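Thanks for coming, everyone. Let me put the structure up, and then we'll walk through a few spots in it.

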Amino acid sequence: MALQLKQQLKLSQQLVMTPQLQQAIKLLQLSRTELVDLVQQELLENPLLEEAENNESIEKIQKAEDEFSEFKVEEESLIKNAEWENYLGQFSSFSKDYKELEIPEEILSVEARYAPKPSLEGHLLWQLNLAPFTEKQKEIGREIIGNLDSRGYLTVSTSEIASSLDVKEEEVEEVLKRIQQFDPIGIASRNLKECLLVQLKHFDYDDPILNLLVEHHLDDIEKRKIDNILKKLGISKEKLHEYIEILKSLDPYPGSQYSNEDVVYISPDVYVFKYEDDFVILLNEDGIPNLRLNPLFEEIEIKRGRKKKNSSKDIEYLQEKMRSAVWLIKSLQQRQRTLYKVVESILYFQKDFFEKGVSCLKPLTLRDVAEYIGMHESTISRVTSNKYISTPFGLFELKFFFNSGLSTKDGSNVGSESIRARIKEIIDAEDKKKPLSDEAIAKRLQKELGVSIARRTVAKYRAALNIPSSSRRKKIF
């Protein structure tokens, strides 16, 4: 069959994601910190955007524009050629000669004025250079320090280090023992037992029973097998208690105090306050600039561009930046309105939570909120991502309010978060010497809340709360 070229007209519909629409969708799912960074970046890149002052009026802006247009040629020349340094020197708090002393400090960046956080590797290398090591030993020490993990444990064997440096393994062992006495004590240990034994020796705990506990009975202590330990070591329960308290005072992960992870502070996007018998929603706009169009660029520069020849590129550039600025301002306003509507709907569905706490949290889905405010589920999902709300009962992520539910005997539903909160309350109030099993907790929930919950579900919720099993929660003494 011969190939033929044909032209056909076909009518179809398709969704085109314009850059403006992509930006509006992106703004919805940005966290508050990311939003502030994006707005600041746009202020730097777009000359038609500027931050408006709250107390600035339209009359002041118009007056500034009129004054700008009335500059004469002589005045402009005077401004360019004026000796501003001599003029300011008369009114400055410092003399002109003192300016040279200020320059070095002004050149320094803000980051340079803060002391860097000490790292584990830097701290150990500093001690290595101060210690009386030979150059060969320092080379071995640097290799050891370079192979430590975040806990401070050595991740390679001494034979591997010896092979890579072409030295004897005994030399590596000698340097390793000396580094283990560096601050923090027990650093560069190969396992937990070695780390604890090094610390016991350093702090002059010469009791052989302590060494036996570390070498052979750490698993028994973890699993609360106290009778097994007492039988094998032949000591009293009170004495074992003293030994365990000594072990608790040691640091199992000496390198963790030099972790490079920074603490992340969360700033809520929305505040919900209770005022008399009602709740008030307040959006957190602290740090988000109040944007407006630059009136000087909008009126003056465009008029000047039209008077000049061959200035179409300038006009197109300004018009493009104008459209971008207007769309950003509208997108920010739409984002705040959508966020307010979503929080308002959450307050409507979860009013019992805001009144009484987590135990009264109800099952809620994205579809419920979407139908309530007349938006798509994907929009609600984007708005609730990386957003936090401050409530009378603490700070929560917006996703926290959307949870599944379990049916009760009377046909109603109880939110999964409410069940988790109740599990935590039950465990906090239990007898620590006789902790409740997951089966016992499930029966108690069935009796109190009337929910049909399995033991596996209780175990899953308990694990999500980072609560250990009953055998690990048991108090030994």
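Let's start in a loop. Pro184 sits in the loop between α10 (169–179) and α11 (192–202). A word on those labels: helices (H or I, at least four residues) and strands (E, at least two) are DSSP runs, numbered from the N terminus. The bond between Asp183 and Pro184 is a cis peptide bond, with omega at about 0°.

Some ground rules before we go on. This is a predicted model, where local features need pLDDT of at least 70 and side-chain atom pairs count only at pLDDT 80 or more, while totals for chains, interfaces and linings use all residues. Residues are numbered from 1 along each chain as its sequence is written, and side-chain values use heavy atoms, with hydrogens and water left out.

Back to the backbone. Why point out that peptide bond, and the phi angles coming next? Because most peptide bonds are trans, and most residues other than glycine have a negative phi.

Asp166 is not a glycine, yet its phi is positive, about 60°. Asp166 lies in the loop between α9 (158–165) and α10. Is Asp166 buried or exposed? It is exposed, with a relative accessible area of 72%. The cut-offs: buried means under 20% relative accessible area, exposed over 50%, partly exposed in between, with a 1.4 Å probe and protein chains only.

Asn386 also has a positive phi, near 60°, and is a residue other than glycine. Find Asn386 in the loop between α20 (377–384) and β5 (388–391). Asn386 is partly exposed, at 40% relative accessible area.

Next, salt bridges. The rule is a side-chain nitrogen of Lys or Arg within 4 Å of a carboxyl oxygen of Asp or Glu. How many salt bridges does that rule give? The count is 17. Here are some of them.

Take Lys274 and Glu355. Their side chains meet in a salt bridge at 3.0 Å, N to O. Lys274 is in strand β2 and Glu355 in helix α18 (residues 351–356), so this pair ties together parts 81 residues apart in sequence. Lys274 is partly exposed, at 45% relative accessibility. Glu355 is partly exposed too, at 32%.

Stay with α18. Asp352 and Lys362 form a salt bridge through their side chains, 3.3 Å from N to O. Asp352 is in helix α18, while Lys362 is in the loop between α18 and α19 (366–373), 10 residues apart. Asp352 counts as partly exposed at 30% relative accessibility. Lys362 is partly exposed, with a relative accessible area of 39%.

Now move along the chain. Glu448 and Arg422 make a salt bridge, with the closest N and O atoms 2.8 Å apart. Glu448 is partly exposed at 36% relative accessibility, and Arg422 is partly exposed at 21%.

Phe273, Tyr275, Val280 and Leu282 make a nonpolar surface patch of about 400 Å². Patches are made of residues with over 30% relative accessible area and no salt bridge; like charges are joined within 9 Å, nonpolar side chains (Val, Leu, Ile, Met, Phe, Trp, Tyr) within 5 Å. Areas come from the Shrake-Rupley method with a 1.4 Å probe, and for residues only the protein chains shown count as cover. Which strands supply the patch? β2 (270–275) and β3 (278–283) each give at least two residues. Phe273 belongs to β2. At 42% relative accessibility, Phe273 is partly exposed.

One last stop: a pair of leucines. Leu296 is in helix α16 (residues 295–307). How far is Leu296 from Leu48? In sequence, 248 residues; in space, 8.7 Å, C-alpha to C-alpha. Leu296 is partly exposed, with a relative accessible area of 32%.

That's the tour. Questions are welcome.
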